[in-house]
Amino acid sequence: MSYLYLLINIASVIVPIIFSFHPKIQFYKKWRYFFPALAISLLIFIPWDVYFTHIGVWGFNARYLIGLTVFNLPIEEVLFFICIPYSCVFTYHCLYILIKKNYFLQFENTISIILVLLLLVVSIFNVNKLYTSVTFGALALFIIFLKYVLNVKWLHRFYFAYLFLMIPFFTVNGILTGSGIDEPVVWYNNAQNLNIRILTIPFEDVFYGMLLLLLTISV
């Protein structure tokens with residue numbers, strides 16, 4: 001059981017790595033862009049993770065860890081921020097190649113406005129819940145920055161792709177939060193979130209994952 005989190009990371013990334021060399025996909029040619037973007041993402045999310053772990057917003061079950069740590073985080077948690085973005089950005093890349101039609105183009109403004117407003121309202125009214133307020137507020141501000149400052153033209157493709165990306169993201173997060181196993185690999189302090197679960201997954205994880213991937217893809 002001590003190898004579970006490590007094996008989850010490996011399982012999530014092994015197929016995307018292999019198919020990165022597929023002649024139609026050729027994601028390996030994007031590595032020179034992906035890995036610097038990933039490094040920037042790590043510079044933000046690892047300190048965030050370290051701090052929230054330190055103050056008890058979330059934590060880790062030693063039963064599922066091999067015992068190595070980096071910055072007081074389990075090595076598996078650090079690998080999570082490498083393996084999951086890789087597999088998800090790889091999937092985004094594949095969808096970009098395989099699906100040419102822009103299904104959400106006409107809905108981009110509406111989605112962005114509604115999403116930002118809801119995120120800001122929830123963040124403001126839950127300032128005492130760190131996971132909720134920080135995640136929702138940061139995502140809202142980042143969407144505003146991308147759409148109204150940088151004026152990017154691809155948000156509609158991201159919104160569409162995220163519907164597909166939630167499938168592997170929720171599969172991994174489901175196991176990590178206790179689906180199908182005796183105890184969660186990652187536990188959450190419900191005083192610091194909305195205490196709303198999608199099966200075993202905190203509702204905030206939907207938007208935490210969105211911010212992680214949106215940051216990486218945008219860079």
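Thr216 sits in helix H7, residues 204–218. Helices here are DSSP runs (H or I, at least four residues), numbered from the N terminus. The model is predicted: local features need pLDDT of at least 70, side-chain atom pairs count only at pLDDT 80 or more, and totals for chains, interfaces and linings use all residues. Residues are numbered from 1 along each chain as its sequence is written, and side-chain values use heavy atoms, with hydrogens and water left out.

Thr216 has 4% relative accessibility, so it counts as buried. Buried means under 20% relative accessible area, exposed over 50%, partly exposed in between (1.4 Å probe, protein chains only). Leaving aside residues up to four places away in sequence, Thr216 touches Phe34, Ala37, Leu38, Ser41 and Val89. Contact here means heavy atoms within 4.5 Å. The Thr216 side chain also reaches the backbone oxygen of Leu212, at 2.9 Å. Pro184 is 32 residues from Thr216 along the chain, and their C-alpha atoms are separated by 27 Å.

Next, the aromatic residues. The structure holds 34 aromatic pairs. Rings of Phe, Tyr and Trp (its six-membered ring) pair if their centres lie within 6.5 Å; planes under 30 degrees apart count as stacked, over 60 as edge-to-face and the rest as tilted. Phe45 and Tyr208 have ring centres 5.3 Å apart and planes at 85 degrees, so this pair is edge-to-face. The pair links distant parts of the chain: Phe45 is in helix H2 (residues 31–54) and Tyr208 in helix H7, 163 residues apart. Both Phe45 and Tyr208 are buried.

Tyr208 also pairs edge-to-face with Tyr131, at 5.8 Å centre to centre and 70 degrees between the planes. Tyr131 lies in helix H5 (residues 130–149) and Tyr208 in helix H7, so the pair ties together parts 77 residues apart in sequence. Tyr131 counts as buried because its relative accessibility is 1%. For Tyr208 the value is 7%, so Tyr208 counts as buried. One aromatic cluster includes Phe45, Tyr131 and Tyr208, along with Trp48, Tyr51, Phe52, Trp58, Phe80, Phe81 and Tyr188.

Now helix H1. Its 16 residues (4–19) should span 22 Å at 1.5 Å a residue, and its end C-alpha atoms are 24 Å apart, which agrees. The expected span is 1.5 Å times one less than the number of residues. A kink of about 30 degrees lies at Val13, shortly before the proline Pro16. The bend is the angle between axes fitted to the seven residues ending there and the seven starting there. Among the buried residues of H1 are Val13 and Pro16. Their cover includes helix H3 (75–98) and helix H6 (155–176).

Notes
Helices (H or I, at least four residues) and strands (E, at least two) are DSSP runs, numbered from the N terminus. A polar contact is a pair of N or O atoms within 3.5 Å; within protein, one must be able to donate a hydrogen and the other to accept it, and residues adjacent in sequence count only if both atoms are side-chain atoms.
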